[in-house]
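Colleague: Could you walk me through this model, a few questions at a time? I would like to start with the sheets and then move to the loops.

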Amino acid sequence: MAPPSGRDIAPAKGKLGVLLVGLGAVSTTFIAGVENVRRGNGLPIGSLTQMGTIRLGRRTERRAPKIKDFVPIADLKDLVFAAWDPFPDDAYRAARKAGVLEPPHLEPIADFLKGIKPLPAAFDQSYVKRLNGPNVKSGKNKRELAEQLRQDIRDFKQRSGAERLVMIWAASTEVFLTPGPAHQTLAAFEKAMEQNDPAIAPSMLYAYAALMERVPFANGAPNLTVDVPALERLAEERTLPIGGKDFKTGQTMMKTVLAPAFKARMLGLAGWYSTNILGNRDGEVLDDPESFKTKEESKLGVLEYILQPDQYPELYGNIFHKVRINYYPPRGDNKEGWDNIDIFGWLGYPMQIKVDFLCRDSILAAPIVLDLALFFDLAQRARLGGIQEWLSFYFKSPHTGPGLYPEHDLFIQQTKLKNTLRWLMGEDQITHLGIEYYEKA
Ligand SMILES: NC(=O)c1ccc[n+]([C@@H]2O[C@H](COP(=O)([O-])OP(=O)(O)OC[C@H]3O[C@@H](n4cnc5c(N)ncnc54)[C@H](O)[C@@H]3O)[C@@H](O)[C@H]2O)c1
């Protein structure tokens, strides 16, 4: 058992620069949301760091501070932003086009948003087939593009006066890739960049640039990016937090709540059919079969790990699991996700559950971006390097160390996160045993 640690954590002094790859629906909703909260024009609902509390010690002690008062995370007033995007729209125009936030949340902060102009992107249409924007870098090879990204990072740090930086990929989902020889060592990775090897996707150039500049990196999309041995090792060697992938927001969040409930009650599952309609740019990108394949893998993985068909063959040995995403422009960012779940109980009698989640994709994702920025910065100040499994809570496909399977159950993930915060601050772990209230020593 890990003892209370009470880790030395460097203070959150000065500004924290949040580097966003992609200035689309999620990024603009995040930035505009933070600015609205700072001006008292809304609450950071959905953000654990801002709204959540954490129980400490015995239940009878009644100690439950807000997380932001318990751990030394950066204050919202200290956040500054930069972004890259192949489309030249500033954050105001991009937010208007994304159509997520209404004028009362955009017009009063229009000047602030107009000040955030995207830097030219390291972009290649072979990895995101449905997009083509003019605001892109050129260079003789991928390594040169990565060097330009590194220069952007240094320039932003100087220009903004930020003390510390974190980078978050909130850009489009790239085509499906699997790890290959180019991803195994840093030398192979760098050589592959020089040779313009197709195994090196643009997202990997950002991750590489971040780590080379000693900036933590989190991946909000399902593409293979920082989860390759070369970059994992680089992050470990430099004690830089990395993690991903794919923000866990709507349908998959519900799946990782419901599936553990069926398993807890030993109810069987025959099939789970999930379909979505959405009409934002993300939906358009995911309409391409190669980008969809990346998303599909990420969405399909969760049931297998939660339900453990090997251990429960009678209950979960024969599940039909299907996930569809349909691009349907009239809905914009307001996604509708349907689930039809066929379960069975006592003596095998069938039952059905229907979930119809009329959600708002970016409204759910924005607070996740905020929490990840603040926790990745905290992790770095606490010298937690490499994969941050304790932040699995935020991801559909949690990044884990070699040989470890991912934890998908939302409430186990939450317990893990909170216990990590307790451990960082030298507080006792909460095991929920509770026998001490009933049995006196
Ligand atoms: N909103 C959610 O609930 C949610 C959940 C999980 C994952 N995601 C993922 O987050 C990402 C962002 O979602 P969104 O709704 O903001 O999409 P979006 O299409 O509105 O924004 C993505 C932006 O990334 C830009 N981009 C593409 N390639 C780039 C590159 N190489 N460099 C810089 N910018 C690049 C695009 O031009 C676009 O403006 C997507 O990959 C999406 O799948 C979103």
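**Sheets, helices and loops**

Modeller: Happy to! Strand S3 (residues 164–169) and strand S4 (residues 217–219) run parallel and are joined by 3 bridges. Two strands pair if DSSP finds at least two bridges between them, and helices (H or I, at least four residues) and strands (E, at least two) are DSSP runs, numbered from the N terminus. This is a predicted model, where local features need pLDDT of at least 70, side-chain atom pairs count only at pLDDT 80 or more, and totals for chains, interfaces and linings use all residues. Residues are numbered from 1 along each chain as its sequence is written, and side-chain values use heavy atoms, with hydrogens and water left out.

Colleague: Which residue in S4 is the bridge partner of Met167?

Modeller: S3 and S4 run parallel. Within S4, the bridge partner of Met167 is Phe217.

Colleague: In what order do the 6 strands of the open sheet with parallel pairing stand?

Modeller: The edge strands are strand S2 (79–84) and strand S10 (386–387), and each pairs on one side only. Reading across this open sheet, the order is S2-S1-S3-S4-S5-S10.

Colleague: What angle does helix H15 make with S3?

Modeller: Helix H15 (residues 361–381) packs on the sheet and touches S1, S2, S3, S4 and S5, where contact means heavy atoms within 4.5 Å. Axes are lines fitted to C-alpha atoms, for helices over the stretch in contact, and angles run from 0 to 180 degrees between N-to-C directions. For H15 against S3, the angle is about 135°.

Colleague: Why is one side of S7 and of S9 left without a neighbour in the sheet?

Modeller: They belong to an open sheet of 4 strands with mixed pairing, in the order S7-S6-S8-S9. Strand S7 (320–327) and strand S9 (350–358) stand at its edges, so one side of each lacks a neighbour because each has a single partner strand.

Colleague: Which residue in S8 stands opposite Tyr273?

Modeller: Strand S6 (residues 268–278) pairs with strand S8 (residues 336–344) in the antiparallel sense, over 9 bridges. Helix H11 (residues 251–264) lies across S6, S7, S8 and S9, running at about 170° to S6. In S8, the residue opposite Tyr273 is Asn340.

Colleague: Is Ile45 buried or exposed?

Modeller: Ile45 is found in the loop between helix H1 (25–38) and helix H2 (48–51). Buried means under 20% relative accessible area, exposed over 50%, and partly exposed in between (1.4 Å probe, protein chains only). With a relative accessible area of 62%, Ile45 is exposed.

Colleague: What is the phi of Arg383?

Modeller: Arg383 lies in the loop between H15 and S10 and is partly exposed, at 47% relative accessibility. Although Arg383 is not a glycine, its phi is positive, at about 55°.

Colleague: And what is the omega of the cis peptide bond from Gly244 to Lys245?

Modeller: Lys245 is found in the loop between S5 and H11. The bond from Gly244 to Lys245 is cis, and its omega is near -10°.
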